[in-house]
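Subject: Structure handover

Hello,

The structure you asked about is below. My notes on what was found in it follow.

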Amino acid sequence: MKRNSHIFILIGIGCCLVGCLRKALPPDVPPEPRLAKLEMSVFAEINQQRRNNGLRDLIWREDIARVARLHSSNMGGREFFSHEDPVEGDLKQRLTKFGVNDWASAGENIFKESGVYNPARQAVEGWMNSPGHRKNILNPAFTHTGIGAAFGHDHFLYFTQDFILPK
């Protein structure tokens, strides 16, 4: 009987370690279809804002989107709302940690909402009404982006948009 309890403890520790490791890596699978649609809606709205202001469209990069998706997922899963993840660090640390090393400059917008009819539009409008976020969207130096959306345990929807200027 005592031997069996040790096996369960080891299995439990192993599962915890696998879970911790899995959370520390950006997901390599595509997002759930409804979240992917929201990400693409934000991307389209952002590029429309840029065109309205005489700027070129941003170019989508899936590796950047994975970093953004992880940040949105972590904010919702660990119930914090900040550009700095207590575990994964700030944007520059997260980009580097997850293999996005070809940037000279980077920026980030985050948004949290619940119960809005058109959350993608609401996120972009919120960012455009915030001087710092608007500056990121309309920064002509930024040429590439990725957007991540995730639902949190708190029933909020989290968006992260990461921008880079490649080296």
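The largest nonpolar core of this predicted model has 21 residues. Those with the most contacts inside this core are Val42, Ile46, Leu58, Trp127, Ile137, Leu157 and Phe159. At least two of the core residues come from each of H2, H5, S3 (144-151) and S4. Another core, of ten residues, lies apart from it; Val67, Leu70, Leu95 and Trp103 are among its members.

Leaving aside neighbours within four places in sequence, Trp127 is in contact with Val42, Ile46, Asn109, Ile110, Phe111, His133, Arg134, Ile137, Phe159 and Gln161. Of these partners, Val42, Ile46, Ile137 and Phe159 are also listed, like Trp127, among the residues with the most contacts inside the 21-residue core.

Trp127 belongs to the buried residues of H5, which are Pro119, Ala120, Ala123, Val124, Trp127 and Met128. What covers them includes H2, strand S2 (103-113), helix H6 (131-137) and strand S4 (157-166).

Helix H2 spans residues 33-52 and helix H5 residues 119-128; their axes are 8 Å apart and meet at an angle of about 40°. That angle is why H2 counts as oblique to H5, since values under 35 degrees would be roughly parallel and 65 to 115 roughly perpendicular. The crossing of H2 past H5 is right-handed. On the H2 side, the contact is made by Leu38, Ser41, Val42, Glu45, Ile46 and Gln49. On the H5 side, Pro119, Ala120, Arg121, Val124, Trp127 and Met128 take part. Sorted by class, the contact of H2 with H5 has eight nonpolar residues, two polar and two charged.

Is Met40 buried, partly exposed or exposed? Its relative accessible area is 38%, so Met40 is partly exposed; the cut-offs are under 20% for buried and over 50% for exposed. Ala120, by contrast, is one of the buried residues of H5.

Two loop residues have backbone angles to note if you check the phi values. Glu79 is not a glycine, yet has a positive phi of about 55°. Glu79 sits in the loop between helix H3 (62-78) and helix H4 (91-97), and counts as exposed because its relative accessibility is 51%. The other case is His155, also not a glycine, with a positive phi near 70°. His155 is in the loop between S3 and S4; at 68% relative accessibility, this residue counts as exposed too.

For the chain as a whole, there are six helices and four strands. From the N terminus on, the elements run α-α-β-α-α-β-α-α-β-β. Of the 167 residues in the chain, 41% are buried. Among contacts between residues at least 6 apart in sequence, 67% join residues at least 24 apart.

Regards

Terms used: Residues are numbered from 1 along each chain as its sequence is written. This is a predicted model: local features need pLDDT of at least 70, side-chain atom pairs count only at pLDDT 80 or more; totals for chains, interfaces and linings use all residues. Side-chain values use heavy atoms; hydrogens and water are left out. Axes are lines fitted to C-alpha atoms, for helices over the stretch in contact, and angles run from 0 to 180 degrees between N-to-C directions. Angles under 35 degrees count as roughly parallel, over 145 as roughly antiparallel, 65 to 115 as roughly perpendicular and the rest as oblique. A crossing is left-handed if the near helix is turned anticlockwise from the far one by less than a right angle, and right-handed if clockwise. Contact means heavy atoms within 4.5 Å. Ala, Val, Leu, Ile, Met, Phe, Trp, Tyr, Cys and Pro count as nonpolar, Asp, Glu, Lys and Arg as charged, and the others, Gly among them, as polar. Buried means under 20% relative accessible area, exposed over 50%, partly exposed in between (1.4 Å probe, protein chains only). A nonpolar core is a set of buried Ala, Val, Leu, Ile, Met, Phe, Trp, Tyr and Cys residues joined through side-chain atoms within 4.5 Å.
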